[in-house]
Amino acid sequence: MAGRKKRKSKIQCDNYKYHVKALEVMPDYIHIFVDVPQTVAPCDIVRTLKSISVIEL
């Protein structure tokens, strides 16, 4: 399960041109460090990743 969540998170980050620096999947949450263009606001990154993960669940 954790491996599948990691793969899906990395694929979604690739789709949005986010470079994953670190990713740790826990049973209830995910820790992720990403490198993004300076034009992308942190709230937009969180909104994007959370909306995708909710749809997947």
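**Notebook: a salt bridge, a serine and a hairpin**

I began with Arg47, which counts as exposed at 53% relative accessibility. I keep in mind throughout that I am reading a predicted model.

Next I looked up the partner of this side chain, and found that Arg47 forms a salt bridge with Asp44, with 2.7 Å between the closest N and O atoms. The count for the model comes to 1 salt bridge. I noted as background that side chains of opposite charge can pair when their charged atoms come close.

Where do Asp44 and Arg47 sit relative to one another in helix H2? Both belong to this helix, which covers residues 42-56, and because they are 3 residues apart in it, about one helical turn separates them.

I then turned to Ser9, which lies in helix H1, residues 2-15. Is Ser9 buried or exposed? Its relative accessibility is 17%, and since buried means under 20%, I wrote Ser9 down as buried.

Leaving aside residues up to four places away in sequence, I found that Ser9 touches Leu23 and Ile30. Ser9 and Leu23 are 14 residues apart along the chain, and I noted 8.7 Å between their C-alpha atoms.

My last entry concerns the strands: S1, residues 19-25, pairs with S2, residues 30-35, in the antiparallel sense, and this pairing runs over 6 bridges. Which residue in S2 is the bridge partner of His19? I found that it is Asp35. Between S1 and S2 I traced a hairpin, which joins them through 4 residues.

Conventions: Residues are numbered from 1 along each chain as its sequence is written. This is a predicted model: local features need pLDDT of at least 70, side-chain atom pairs count only at pLDDT 80 or more; totals for chains, interfaces and linings use all residues. Side-chain values use heavy atoms; hydrogens and water are left out. A salt bridge is a side-chain nitrogen of Lys or Arg within 4 Å of a carboxyl oxygen of Asp or Glu. Helices (H or I, at least four residues) and strands (E, at least two) are DSSP runs, numbered from the N terminus. Buried means under 20% relative accessible area, exposed over 50%, partly exposed in between (1.4 Å probe, protein chains only). Contact means heavy atoms within 4.5 Å. Two strands pair if DSSP finds at least two bridges between them.
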